[in-house]
Amino acid sequence: MNRKTWGRMAVAVAVCIAVGLAAAGQKKDIKDVVLGLSVANLQMDFCNQIRIGAEAEAEKLGLELIVVDSRDDATTQIDQVQDLLARGIDALMFIPAGASAADAPVRDAHRAGIPVVTIDRNPQNEPGDVFIASDSYNGCKELGEWVIEQTGGKGKVGVIQGQLGTTPEIDRQAGFNEAMAKAPGMTVIEQAADTWFQEDGFRVGQDLLQVHPDITVFFGRCDGLAVGAAHAARLANLRDQILVVGFDGDEPGLAAIRDGVIDATMTQAFRQFGREAIHSCLKLMDGEKLDPVRLVPVVFTTKDNVQQFIDERP
(Lines give C-alpha, C1' and ligand atoms only; values in the text may rest on other atoms or scores of the structure.)
Protein backbone atom coordinates (compact mmCIF):
# COMPACT_ATOMS: atom_id res chain seq x y z
CA MET A 1 0.00 0.00 0.00
CA ASN A 2 1.54 3.31 -1.03
CA ARG A 3 1.68 6.50 1.05
CA LYS A 4 -1.13 8.29 -0.80
CA THR A 5 -3.51 5.31 -0.48
CA TRP A 6 -2.74 5.09 3.23
CA GLY A 7 -3.30 8.82 3.58
CA ARG A 8 -6.74 8.62 1.96
CA MET A 9 -7.73 5.68 4.18
CA ALA A 10 -6.54 7.48 7.31
CA VAL A 11 -8.51 10.59 6.38
CA ALA A 12 -11.60 8.45 5.79
CA VAL A 13 -11.24 6.97 9.28
CA ALA A 14 -10.89 10.48 10.69
CA VAL A 15 -14.16 11.44 8.98
CA CYS A 16 -15.98 8.54 10.64
CA ILE A 17 -14.59 9.44 14.07
CA ALA A 18 -15.46 13.13 13.67
CA VAL A 19 -19.01 12.35 12.54
CA GLY A 20 -19.48 9.90 15.40
CA LEU A 21 -18.36 12.39 18.01
CA ALA A 22 -20.54 15.12 16.53
CA ALA A 23 -23.55 12.80 16.58
CA ALA A 24 -22.88 11.95 20.22
CA GLY A 25 -22.67 15.65 21.09
CA GLN A 26 -19.44 15.14 23.02
CA LYS A 27 -17.35 18.10 24.08
CA LYS A 28 -13.66 17.44 24.71
CA ASP A 29 -11.84 18.44 27.84
CA ILE A 30 -9.29 21.13 26.95
CA LYS A 31 -6.41 18.82 27.94
CA ASP A 32 -7.56 16.28 25.36
CA VAL A 33 -7.74 18.78 22.50
CA VAL A 34 -5.18 18.40 19.71
CA LEU A 35 -4.78 21.23 17.19
CA GLY A 36 -2.66 21.26 14.05
CA LEU A 37 -0.76 24.24 12.66
CA SER A 38 0.49 23.91 9.09
CA VAL A 39 2.83 26.77 8.18
CA ALA A 40 4.24 27.82 4.82
CA ASN A 41 7.86 28.29 5.87
CA LEU A 42 9.32 28.75 9.37
CA GLN A 43 12.38 30.41 7.83
CA MET A 44 10.09 33.38 7.25
CA ASP A 45 9.86 35.44 10.44
CA PHE A 46 6.11 36.05 10.15
CA CYS A 47 5.40 32.30 10.15
CA ASN A 48 7.72 31.83 13.10
CA GLN A 49 6.06 34.63 15.07
CA ILE A 50 2.62 33.14 14.43
CA ARG A 51 3.97 29.79 15.69
CA ILE A 52 5.37 31.45 18.82
CA GLY A 53 2.03 33.10 19.57
CA ALA A 54 0.08 29.89 18.99
CA GLU A 55 2.46 27.72 21.02
CA ALA A 56 2.41 30.13 23.97
CA GLU A 57 -1.39 30.18 23.99
CA ALA A 58 -1.62 26.39 23.63
CA GLU A 59 0.71 25.93 26.60
CA LYS A 60 -1.26 28.46 28.65
CA LEU A 61 -4.51 26.60 27.96
CA GLY A 62 -3.01 23.13 28.41
CA LEU A 63 -3.87 21.74 24.97
CA GLU A 64 -1.62 19.93 22.47
CA LEU A 65 -0.41 21.72 19.35
CA ILE A 66 1.31 19.94 16.46
CA VAL A 67 3.28 22.22 14.11
CA VAL A 68 4.42 21.19 10.62
CA ASP A 69 6.52 23.23 8.19
CA SER A 70 6.16 22.74 4.41
CA ARG A 71 9.21 24.91 3.55
CA ASP A 72 7.17 26.60 0.81
CA ASP A 73 6.37 23.33 -0.97
CA ALA A 74 2.64 23.00 -1.72
CA THR A 75 2.81 19.24 -2.35
CA THR A 76 4.59 18.68 0.94
CA GLN A 77 1.97 20.76 2.70
CA ILE A 78 -0.88 18.68 1.28
CA ASP A 79 0.81 15.50 2.57
CA GLN A 80 1.51 17.07 5.95
CA VAL A 81 -2.12 18.12 6.42
CA GLN A 82 -3.27 14.59 5.52
CA ASP A 83 -0.89 13.29 8.19
CA LEU A 84 -2.32 15.75 10.74
CA LEU A 85 -5.84 14.57 9.92
CA ALA A 86 -4.74 10.95 10.26
CA ARG A 87 -3.31 11.77 13.71
CA GLY A 88 -6.75 12.92 14.83
CA ILE A 89 -6.44 16.68 15.18
CA ASP A 90 -9.59 18.45 16.30
CA ALA A 91 -9.04 21.61 14.21
CA LEU A 92 -6.53 22.92 11.69
CA MET A 93 -4.75 26.26 11.50
CA PHE A 94 -3.39 26.75 8.00
CA ILE A 95 -0.95 29.21 6.40
CA PRO A 96 -0.90 28.18 2.70
CA ALA A 97 2.41 27.84 0.88
CA GLY A 98 1.39 30.11 -1.98
CA ALA A 99 -1.75 30.19 -4.12
CA SER A 100 -1.32 26.94 -6.07
CA ALA A 101 -2.77 23.84 -4.41
CA ALA A 102 -3.92 25.91 -1.40
CA ASP A 103 -7.48 24.60 -1.73
CA ALA A 104 -6.69 20.90 -1.22
CA PRO A 105 -5.69 20.92 2.49
CA VAL A 106 -8.80 22.90 3.46
CA ARG A 107 -10.99 20.63 1.36
CA ASP A 108 -9.46 17.52 2.97
CA ALA A 109 -10.03 18.91 6.45
CA HIS A 110 -13.63 19.86 5.72
CA ARG A 111 -14.32 16.41 4.31
CA ALA A 112 -13.04 15.01 7.59
CA GLY A 113 -15.40 17.29 9.53
CA ILE A 114 -12.48 19.32 10.89
CA PRO A 115 -12.84 23.11 11.24
CA VAL A 116 -10.16 25.25 9.58
CA VAL A 117 -8.76 28.64 10.51
CA THR A 118 -6.70 30.12 7.69
CA ILE A 119 -4.07 32.71 8.53
CA ASP A 120 -2.63 35.48 6.31
CA ARG A 121 -3.67 33.72 3.07
CA ASN A 122 -7.15 32.39 2.33
CA PRO A 123 -7.69 29.93 -0.55
CA GLN A 124 -10.11 31.55 -2.96
CA ASN A 125 -12.01 28.40 -3.91
CA GLU A 126 -11.97 26.70 -0.50
CA PRO A 127 -11.80 29.37 2.22
CA GLY A 128 -11.32 28.56 5.87
CA ASP A 129 -14.20 28.70 8.34
CA VAL A 130 -12.42 31.73 9.82
CA PHE A 131 -9.74 33.80 8.11
CA ILE A 132 -7.37 35.85 10.28
CA ALA A 133 -5.11 38.40 8.63
CA SER A 134 -3.91 41.97 8.73
CA ASP A 135 -6.00 44.70 7.18
CA SER A 136 -3.57 44.85 4.26
CA TYR A 137 -5.89 46.91 2.08
CA ASN A 138 -6.25 49.85 4.46
CA GLY A 139 -2.68 49.47 5.66
CA CYS A 140 -1.31 49.86 2.15
CA LYS A 141 -3.69 52.68 1.42
CA GLU A 142 -2.26 54.51 4.46
CA LEU A 143 1.28 53.68 3.35
CA GLY A 144 0.57 54.98 -0.15
CA GLU A 145 -0.85 58.23 1.22
CA TRP A 146 2.35 58.72 3.25
CA VAL A 147 4.44 58.12 0.12
CA ILE A 148 2.43 60.78 -1.71
CA GLU A 149 2.93 63.20 1.18
CA GLN A 150 6.69 62.58 1.24
CA THR A 151 7.12 62.98 -2.52
CA GLY A 152 4.70 65.82 -3.06
CA GLY A 153 2.61 63.52 -5.25
CA LYS A 154 5.22 63.33 -8.00
CA GLY A 155 7.60 60.57 -8.96
CA LYS A 156 7.99 57.02 -10.25
CA VAL A 157 7.23 54.06 -7.98
CA GLY A 158 8.87 50.70 -8.56
CA VAL A 159 6.74 48.00 -6.94
CA ILE A 160 8.23 44.58 -6.23
CA GLN A 161 5.30 42.20 -6.03
CA GLY A 162 5.22 39.11 -3.82
CA GLN A 163 3.60 35.77 -4.64
CA LEU A 164 0.99 36.53 -7.27
CA GLY A 165 -2.52 35.32 -6.52
CA THR A 166 -2.05 35.22 -2.74
CA THR A 167 -4.36 37.16 -0.44
CA PRO A 168 -1.70 39.57 0.88
CA GLU A 169 -0.42 40.41 -2.60
CA ILE A 170 -3.93 41.05 -3.91
CA ASP A 171 -5.01 43.21 -0.96
CA ARG A 172 -1.76 45.17 -0.73
CA GLN A 173 -1.88 45.95 -4.43
CA ALA A 174 -5.48 47.16 -4.22
CA GLY A 175 -4.92 49.40 -1.18
CA PHE A 176 -1.72 50.98 -2.48
CA ASN A 177 -3.17 51.53 -5.95
CA GLU A 178 -6.21 53.29 -4.47
CA ALA A 179 -3.89 55.79 -2.81
CA MET A 180 -1.82 56.23 -5.98
CA ALA A 181 -4.96 56.90 -8.03
CA LYS A 182 -5.35 60.18 -6.13
CA ALA A 183 -1.92 61.38 -7.26
CA PRO A 184 -1.82 61.67 -11.07
CA GLY A 185 1.79 62.80 -10.82
CA MET A 186 2.83 59.35 -9.57
CA THR A 187 3.69 56.62 -12.09
CA VAL A 188 3.62 53.02 -10.86
CA ILE A 189 5.67 50.21 -12.44
CA GLU A 190 5.09 46.72 -11.08
CA GLN A 191 7.32 43.69 -11.47
CA ALA A 192 6.81 40.33 -9.81
CA ALA A 193 9.40 38.64 -7.66
CA ASP A 194 6.73 35.95 -7.08
CA THR A 195 8.40 35.19 -3.74
CA TRP A 196 8.78 37.05 -0.47
CA PHE A 197 12.56 36.80 -0.15
CA GLN A 198 15.19 39.53 0.09
CA GLU A 199 17.42 38.14 -2.65
CA ASP A 200 14.53 38.36 -5.11
CA GLY A 201 13.81 41.94 -4.06
CA PHE A 202 17.45 42.73 -4.85
CA ARG A 203 17.22 41.01 -8.25
CA VAL A 204 13.96 42.72 -9.26
CA GLY A 205 15.16 46.06 -7.86
CA GLN A 206 18.24 45.88 -10.08
CA ASP A 207 16.09 44.98 -13.10
CA LEU A 208 13.76 47.90 -12.48
CA LEU A 209 16.61 50.38 -12.04
CA GLN A 210 18.24 49.28 -15.29
CA VAL A 211 15.06 50.04 -17.22
CA HIS A 212 13.84 52.95 -15.04
CA PRO A 213 16.86 54.72 -13.50
CA ASP A 214 14.57 57.63 -12.59
CA ILE A 215 12.65 55.61 -9.96
CA THR A 216 12.06 57.73 -6.85
CA VAL A 217 10.20 55.20 -4.66
CA PHE A 218 10.53 51.46 -4.07
CA PHE A 219 7.62 49.59 -2.50
CA GLY A 220 8.43 45.99 -1.61
CA ARG A 221 5.20 44.15 -0.86
CA CYS A 222 7.00 42.72 2.16
CA ASP A 223 9.95 43.96 4.17
CA GLY A 224 12.31 41.37 2.68
CA LEU A 225 11.59 42.58 -0.84
CA ALA A 226 11.96 46.20 0.30
CA VAL A 227 15.34 45.53 1.94
CA GLY A 228 16.53 43.78 -1.22
CA ALA A 229 15.43 46.74 -3.35
CA ALA A 230 17.19 49.15 -0.96
CA HIS A 231 20.44 47.25 -1.43
CA ALA A 232 19.99 47.41 -5.21
CA ALA A 233 19.51 51.17 -4.97
CA ARG A 234 22.59 51.54 -2.77
CA LEU A 235 24.69 49.49 -5.20
CA ALA A 236 23.59 51.87 -7.98
CA ASN A 237 24.50 54.89 -5.82
CA LEU A 238 20.85 55.94 -5.85
CA ARG A 239 19.71 55.14 -2.31
CA ASP A 240 19.69 58.78 -1.18
CA GLN A 241 17.36 59.61 -4.07
CA ILE A 242 14.88 56.78 -3.48
CA LEU A 243 12.28 56.41 -0.73
CA VAL A 244 11.96 52.72 0.26
CA VAL A 245 8.91 51.26 2.01
CA GLY A 246 7.78 47.76 2.87
CA PHE A 247 5.09 45.86 4.74
CA ASP A 248 5.24 43.32 7.59
CA GLY A 249 7.22 44.62 10.53
CA ASP A 250 9.07 41.31 10.75
CA GLU A 251 12.34 41.06 12.67
CA PRO A 252 14.68 41.92 9.75
CA GLY A 253 12.30 44.65 8.59
CA LEU A 254 12.17 46.33 11.98
CA ALA A 255 15.96 46.23 12.19
CA ALA A 256 16.13 47.75 8.69
CA ILE A 257 13.89 50.62 9.81
CA ARG A 258 16.02 51.19 12.91
CA ASP A 259 19.24 51.17 10.88
CA GLY A 260 17.93 53.42 8.09
CA VAL A 261 18.03 50.72 5.41
CA ILE A 262 14.36 51.30 4.58
CA ASP A 263 12.19 54.27 5.49
CA ALA A 264 8.80 52.90 6.56
CA THR A 265 6.75 49.74 6.94
CA MET A 266 3.40 48.60 8.31
CA THR A 267 3.83 46.39 11.39
CA GLN A 268 1.61 43.33 11.68
CA ALA A 269 0.54 41.62 14.93
CA PHE A 270 1.82 38.14 14.04
CA ARG A 271 1.76 36.66 17.54
CA GLN A 272 -1.79 37.91 17.97
CA PHE A 273 -2.71 35.92 14.85
CA GLY A 274 -1.49 32.75 16.57
CA ARG A 275 -3.36 33.46 19.80
CA GLU A 276 -6.59 34.34 18.03
CA ALA A 277 -6.33 31.29 15.77
CA ILE A 278 -6.19 28.99 18.82
CA HIS A 279 -9.32 30.51 20.32
CA SER A 280 -11.15 30.53 16.97
CA CYS A 281 -10.46 26.80 16.64
CA LEU A 282 -11.87 26.09 20.09
CA LYS A 283 -15.00 28.13 19.40
CA LEU A 284 -15.55 26.40 16.05
CA MET A 285 -15.16 23.02 17.73
CA ASP A 286 -17.93 24.03 20.14
CA GLY A 287 -20.19 24.91 17.22
CA GLU A 288 -20.03 28.65 17.78
CA LYS A 289 -20.78 30.83 14.78
CA LEU A 290 -17.94 33.26 14.07
CA ASP A 291 -17.42 36.05 11.57
CA PRO A 292 -15.69 34.44 8.59
CA VAL A 293 -13.08 37.22 8.32
CA ARG A 294 -11.09 38.79 11.14
CA LEU A 295 -8.87 41.67 10.00
CA VAL A 296 -6.28 42.93 12.47
CA PRO A 297 -5.12 46.57 12.18
CA VAL A 298 -1.50 47.30 11.23
CA VAL A 299 0.66 50.14 12.58
CA PHE A 300 2.56 52.61 10.42
CA THR A 301 6.18 52.34 11.50
CA THR A 302 9.24 54.56 11.00
CA LYS A 303 12.37 55.26 13.04
CA ASP A 304 10.18 57.33 15.38
CA ASN A 305 8.27 54.34 16.79
CA VAL A 306 10.11 51.20 15.66
CA GLN A 307 11.89 50.45 18.95
CA GLN A 308 8.67 49.52 20.76
CA PHE A 309 8.04 46.73 18.25
CA ILE A 310 11.63 45.50 18.47
CA ASP A 311 11.36 45.39 22.27
CA GLU A 312 8.01 43.57 22.28
CA ARG A 313 6.74 41.78 19.22
CA PRO A 314 2.94 42.14 18.86
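## The cavity and its lining

D120, F131, A133, S134, S136, T167, P168, D171, R172 and Q268 line the largest cavity of this predicted model. A cavity here is a set of points, on a 1 Å grid over the protein atoms alone, where a 1.4 Å probe fits but cannot get out, and lining residues have an atom within 4 Å of a point. The structure holds 1 cavity of 30 Å³ or more, and the volume of the largest is about 50 Å³.

Which elements supply at least two residues each of this lining? They are strand 5 (130-134) and helix 6 (167-180), and helix 6 gives the most, with 4 residues. Helices are DSSP runs of H or I with at least four residues, and strands are runs of E with at least two, numbered from the N terminus. By type, the lining divides into 3 nonpolar, 4 polar and 3 charged residues.

## A look at helix 10

## Aromatic pairs

How many aromatic pairs are there? The count comes to 4, with rings of Phe, Tyr and Trp (its six-membered ring) pairing if their centres lie within 6.5 Å; planes under 30 degrees apart are stacked, over 60 edge-to-face and the rest tilted. F46 and F270 form a tilted pair, 5.8 Å centre to centre with 45 degrees between the planes. F46 lies in helix 2 and F270 in helix 10, so this pair ties together parts that are 224 residues apart in sequence. Both residues are buried, and together with F273 they form one aromatic cluster.

F176 and F219 also form a tilted pair, at 4.5 Å centre to centre and 35 degrees between the planes. Because F176 lies in helix 6 and F219 in strand 8 (residues 217-220), the pair links parts 43 residues apart in sequence. F176 is buried, with a relative accessible area of 0%, and F219 is buried with a relative accessible area of 0%.

## How to read the values

Residues are numbered from 1 along each chain as its sequence is written, and side-chain values use heavy atoms, leaving out hydrogens and water. In this predicted model, local features need pLDDT of at least 70 and side-chain atom pairs count only at pLDDT 80 or more, while totals for chains, interfaces and linings use all residues.

Technical notes
On a 1 Å grid over the protein atoms alone, a cavity is a set of points where a 1.4 Å probe fits but cannot get out, and a pocket is an open set with protein on both sides within 12 Å along at least five of seven lines; lining residues have an atom within 4 Å of a point. Grid points are joined across faces, edges and corners, and a volume is the space filled by probe spheres set on the points. Ala, Val, Leu, Ile, Met, Phe, Trp, Tyr, Cys and Pro count as nonpolar, Asp, Glu, Lys and Arg as charged, and the others, Gly among them, as polar. Buried means under 20% relative accessible area, exposed over 50%, partly exposed in between (1.4 Å probe, protein chains only).
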